[in-house]
Amino acid sequence: MKFRIERDFLGEVSIPADRYYGIHTARAAGNFPVSKYRVPFELIKGFAVVKKAAAIANGRLGYLEEKIVQAIVKACDEILDGKFKEDFIVDAFQGGAGTSTNMNVNEVIANRANEILGSKKGKYFPVHPLEHVNLHQSTNDTYPTALKIASLFLLKELSEKVAEFQGSLQKKEKEFASIVKIGRTELQEAVPITLGREFSGYADAISRDRWRIWKAMERIRTLNIGGTAIGTGLAAPRDYIFEVIEVLRELTGLNISRHENPVSVTAFADDFVEVAGILDAYASNVFKIANDLRLMNMLKEINLKPVQSGSSIMPGKVNPVIMEAAMQVAIRVKANFSTVRECASHASFEIVEFMPLLAFSLIEALKLLINISGILSKHVAQIRPVPEKCQEYFDRSFSLVTVMLPLIGYENATEVVKEIKEKGVKNIRDYLTQRFGRKVVEKLLSPEYLNAFGYDEEDLEELLDEFNT
């Protein structure tokens, strides 16, 4: 393997001759052999957009030659197309508030731009990673900006996947509308409900998540780009500060703007905490729904589609693996929220030092939720009800007596339950029919009545007349 020698104020480092990264990246890779997790490529692409916008803005204002602008833009576009992934080698768990990632991007872009212009890697002429690619920038304004751009695109994708998940649940709500079953509280039988009504609750919860995720985009659409080191814009010309945000808006199509107080959003990461908290809320609902479906599958009220063998020793065993995967994703996302919160709270003075871990955790949470939402949408669509099992639990449940409360009151209902227990009645629906009349019981236990929100006074009067008769 051939090597080239690059130099900085600390000395010399040998770099593989064919690699696009440079000395700053190599030092960082040597300093942080921590996790073998790479910086998420979604963040690298966010950086590429920022570097492209900065080059265009600097070119428009006369701070960069046109040929250098075009070479940088082409290099950035190639990164956005997914090239050079093997050259972004810095560990995700790095010190320096993300400077290593910024330098990795700067060096790859500079070396590729020089190659485009006919120069060699490592010469950094005519394009220099700091003098040109990083012109009028700092890690402290490019890193949060790149993360926000990456997060905005991921949030948009997540919103679409959540909408699909909601749609799958809504279809089951309609499909299962006439299937009566027993509701449960405290893992015990409660009052009757329909399977469709249960799924309506799931769908509505996910609709709230969809709204929250969409609103989360509002929290991170204001950027500190142009603020340089601590948000004051030191070493950046004012015309560039205003121009670069306009270029970013053009390139991304996102509704983004410059924050009115860049010092604040450089020193604080509470907007990312808020987004992570919204993801945590969605994860909580995913966990609850997946667990409910897993339990209903155990009770044989629904059938989850078998997708793989469940045991290496028990032939024919099938497990609810999709739901278990969803629950594990939810646990991970909730842990990531805690990590994001801690990273933000441990910021000091004018910088968020632990931005690399924050970014890794936030992007991982977004990607996990995007993937599992798509999987759940397809899996929910394949759920099949078991009406006869639902009916079996329904007919033998003491909770059926509860529907009689408007007619006979709590004390009398208690006596009915006591009588049922003493007689050892197995089919409680049949017993109620014999005791109170078919028309009354069929009305009170019908899907229409159970799906109604409360009872109608006129209907109750008719039932009372029938009951008294």
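Me: What volume does the largest pocket have?
Reply: In this predicted model, the largest pocket has a volume of about 710 Å³.

Me: Which residues lie nearest the centre of the largest pocket?
Reply: Those are Gly183, Arg184, Val191, Ile193 and Glu198, out of a lining of 27 residues.

Me: What makes up the lining of the largest pocket by class?
Reply: There are 16 nonpolar residues, five polar ones and six charged ones.

Me: Now to a pair of helices. Why are H11 and H12 called roughly antiparallel?
Reply: The axes of H11 (residues 321-345) and H12 (residues 355-381) cross at roughly 160°. Angles over 145 degrees count as roughly antiparallel, and therefore H11 and H12 are roughly antiparallel to each other. Their axes come within 9 Å, and the crossing is left-handed.

Me: How do you know that H11 and H12 meet?
Reply: Contact means heavy atoms within 4.5 Å. Residues of H11, including Ile322, Val329, Arg332 and Ala344, meet residues of H12, among them Leu357, Glu364, Leu368 and His379. By class, this contact of H11 with H12 has 18 nonpolar, four polar and two charged residues.

Me: What makes Arg332 in H11 and Glu364 in H12 count as charged?
Reply: Arg and Glu are both on the list of charged residue types, beside Asp and Lys, so Arg332 in H11 and Glu364 in H12 count as charged.

How values were computed:
Residues numbered from 1 in each chain as written. Predicted model: local features only at pLDDT ≥ 70, side-chain atom pairs only at ≥ 80, totals over all residues. Heavy atoms only, no water. Axes fitted to C-alpha atoms, helices over the stretch in contact; angles between N-to-C directions. Helix = DSSP H or I, 4+ residues; strand = E, 2+ residues; numbered from the N terminus. Parallel < 35°, antiparallel > 145°, perpendicular 65-115°, else oblique. Left-handed = near helix turned anticlockwise from the far one by under 90°. 1 Å grid on protein atoms, 1.4 Å probe; cavity = no way out; pocket = protein on both sides within 12 Å on 5 of 7 lines; lining within 4 Å. Points joined across faces, edges and corners; volume = space filled by probe spheres on them.
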